Amino acid sequence: MPDIDPADHDIAELGPMLKDVEDAEELRAILEAERDGQDRDPVVTLIESRIDAVSETDEGDPGEIDPAEHSPADLGNLVRDIEEPERLEALLEAEEAGEDRSSAKTVIENRLDAVRGGDREDSEVASPEERHPELDHPTADKRHVRALEGGVYRDMWVYCETQHGELIGVSAEMLGKARELMDDYNERYDADERVVAVLIGDGVGDLAEECIALGADVVVYQEDERLERFRHTPYTEVFCDMARGAGHPYGREDRLKKEWRDYDEPRYTVFPATNNGRDLSATVQAELDSGLASDCSDLYIEDADISNPAKTGEPGTTRTFERVLHMKRPDFSGFEYSTILCLDTPAREFHPQGASVIPGSFEAPQPDLGREGLVVEHETPIEEEWLKVEVTDYDRLEGGIDLSGHDVVVAMGRGIGSDPTRGIELGLELVDAFDDAVLGLSRGVITASYEFDGHVEGYVAEERQIGESGQVVEPELYLACGISGAVQHKVGMDESDTVVAINTDPEADIREFSDYFVEGDLFEVVPALVDSLESGELRLGEAVAADGGEQR
């Protein structure tokens, strides 16, 4: 068994741990353990990428590559220097005759397309259907899933989710950010594009003026008692029908031209990264045949210089793409942030450029009750076949857990693993030592298979999770107990005024963004901290070392 057992960790925790492993054999042992155990595709990819990073690159003749000896990621690096189509074709044939991995063939085919593109007399790049006529392309026959050619795109559309007749918090946050983005956009590009708020549900028209006060120029809404609760198909169909302008080649034939708009589809679409928002963003962007960057923590609009021949259509050239929405999100490995771009190619257009936003990523604006805007009632004919799923009964949870708005947040992580029940008990004792504190959890605690005694089991709930897929908090004091500090967790607490971390690992990533770091076991440090708070004297003892300030 390797030193790291992947079964004990989720991918967010494995990323930072693997970056310190320099032995390829040790990494291969971890990979074998994962394949023999849970065999999670993202984890396998992560480990393979780390193996590629620490392994020496084959410096031999690229024409002598045996694809069976390399991972798809390694092959991608090796074929970059191959300029002869014949060599790439031979490599592709070897892969097809051997392991026949689709991912490996894709990287070889992409390089082959790039090399062949350089031999073209013009700069046109053939579509996938033209390049591979022997393959079946079912999406070409679908009614809705098709991109436009020469489409006209304007405005930023914001889907404003509601609950119990009110806008949820992230809807206000997105409207404020959209207002900021489009004000800057209009100044930079000498344009006059707008923020369009989208409301779908029963009685949602009453919220139109609130959306305008929060930054919308236009509110498009559709009301129907059958839309009282979120359902995938009707909400997707209504949103897409709203988004498509009059005369849209894949829209309703009876759509009348609206005076307030003169374009085919939105330039940008923004959704909340809530349970419903994640679903809707994916289905809408798929129906509009574009891309989606999910769970973003920041957005900005800039031009981008791109040299990728798949985007420019001509190898060796650089093209400036204007008005690109840059969508920043934590990398799944936990190492760093990634910025996602949704760019056109010579063969097709990718609009709207779409993103979903983590709640709490932006500050909600103060409503401007004097703002004026346009309110448009939309009427998509609701088809009965969209309503095959019927909600006959449901329970409404009372209250819920809101971790925001407290002076102190005590967050417990995988460091409780040796005694999970006692670990949660200690977290609750620390919460009780403050006047206004609340207990939060890292994703590692939520996803782990810990067994808790009944009296604390009720505190281990997903709604207490802090991070990219949980809540975002900004307390005056954040106490991170036994949390490694993956990027996904950092997203949820990075704006805290003061961060104190307790961890046995002096190299834990959380040390880099903590104001105070206590090296020690939380089972020893937390009781001492509780005692110190109750007595008014710091009594951490000699067993721990403080880094970042004097003990007082």
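Predicted model: local features only at pLDDT ≥ 70, side-chain atom pairs only at ≥ 80, totals over all residues.
**Exercise 1.** Find out which residues of helix α5 are buried and which are exposed.

*Solution.* Start with the helix itself: α5 runs over residues 85-97 and has 13 residues. From its first C-alpha to its last it reaches 18 Å, close to the 18 Å expected. Next, look for the buried positions, which are Pro85, Leu88, Leu91, Leu92 and Glu95. These residues lie on the same side of α5, because they cover an arc of only 125° around the axis. Finally, turn to the other side of α5, where Glu86, Glu93 and Ala97 are exposed.

**Exercise 2.** Work out which parts of the chain are linked by the salt bridge of Glu193 and Arg323.

*Solution.* First check the contact: the two side chains meet at 4.0 Å, N to O. Then place the partners: Glu193 sits in the loop between α8 and β4, while Arg323 belongs to strand β9. They are 130 residues apart, so the pair links distant parts of the chain.

**Exercise 3.** Decide whether Arg226 and Glu384 are buried, partly exposed or exposed.

*Solution.* Begin with their salt bridge, in which the closest N and O atoms are 3.3 Å apart. Arg226 has 31% relative accessibility, so it is partly exposed. Glu384, at 56%, passes the 50% cut-off and therefore counts as exposed.

How values were computed. Residues numbered from 1 in each chain as written. Heavy atoms only, no water. Helix = DSSP H or I, 4+ residues; strand = E, 2+ residues; numbered from the N terminus. Expected span 1.5 Å × (residues − 1). Buried < 20%, exposed > 50% of the residue type's maximum accessible area, 1.4 Å probe, protein only. Arc of directions from axis to C-beta.
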